[in-house]
Amino acid sequence: RPPVTAQGQHRQEMLTLLNRALIMGLKVRMVYETRSRGGEASERVVRPYHIMPYVRSWQLIAYCERRQDVLMFKVDRVREATLLDERYQVPPDFDLEQYMGATWGLMRGQAGEPVDVLLRFEPEAGRWVAEEYWHPSQRAEEQPDGCVLLKLHLAITPEFVSWLLYYGPRVEVLQPRDLREWVAREHAAAAGVYNVPQEPTGG
């Protein structure tokens, strides 16, 4: 079987190959580029367990025979992939939510212990946030003034902070205190980059 590259327009072909491997239970030999090692590429044999979209990319969760562990691979970093004739089975005790843990996003190695998080969203942003699925622990409560309280129990990651920063003044972190201070520092640093002078007041 000829290898398939995963560059740009070939992403769909790569996803098709990986989905076929998952459905048929066939191992995949692939050349993977590791971003943390300066783009170093290595050949691996993997057993696909799950394929999931994330933001603007796709992630492959698979058992890596080289590392002898279940790892996450970004599909766009797979340079080449070939279906093998060797079969495998996804372990019946593999649970995706358990594997992902209580973190927000994919940066599992950068997270601490799960904590209770309480956010207050302005009405328009809150209605939109409440309609979407973000995390297994989420609980949304609309308030009499139209604002939405979002309760979460998760391990905070930089991805979660970036998500909060996206909403700017439309969300306020009520707890925990260290997360509130983290977000405040990020907003202050961003304001300092622009250094916009205050408009003079009339009088």
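His135 lies in the loop that connects helix H3 (123-131) with strand S8 (139-142); helices (H or I, at least four residues) and strands (E, at least two) are DSSP runs numbered from the N terminus. The model is predicted, with local features requiring pLDDT of at least 70 and side-chain atom pairs counted only at pLDDT 80 or more, while totals for chains, interfaces and linings use all residues. Residues are numbered from 1 along each chain as its sequence is written, and side-chain values use heavy atoms, with hydrogens and water left out.

His135 is classed as buried because its relative accessibility is 5%, where buried means under 20% relative accessible area, exposed over 50% and partly exposed in between (1.4 Å probe, protein chains only). The side chains of His135 and Ser137 form a polar contact of 2.8 Å (a pair of N or O atoms within 3.5 Å; within protein, one must be able to donate a hydrogen and the other to accept it, and residues adjacent in sequence count only if both atoms are side-chain atoms).

Strand S7 (residues 115-121) is antiparallel to strand S9 (residues 148-154), with seven bridges between them; two strands pair if DSSP finds at least two bridges between them. Leu119 has Leu150 of S9 as its bridge partner. S7 also pairs in the antiparallel sense with strand S10 (residues 171-175), through four bridges, and Leu118 is partnered by Gln175 in S10.

Strands S4 (residues 57-64) and S5 (residues 69-74) run antiparallel and are joined by six bridges. Gln59 is opposite Lys74 of S5. Four residues separate the strands of the S4 and S5 hairpin, in which Gln68 adopts a positive phi near 55°.
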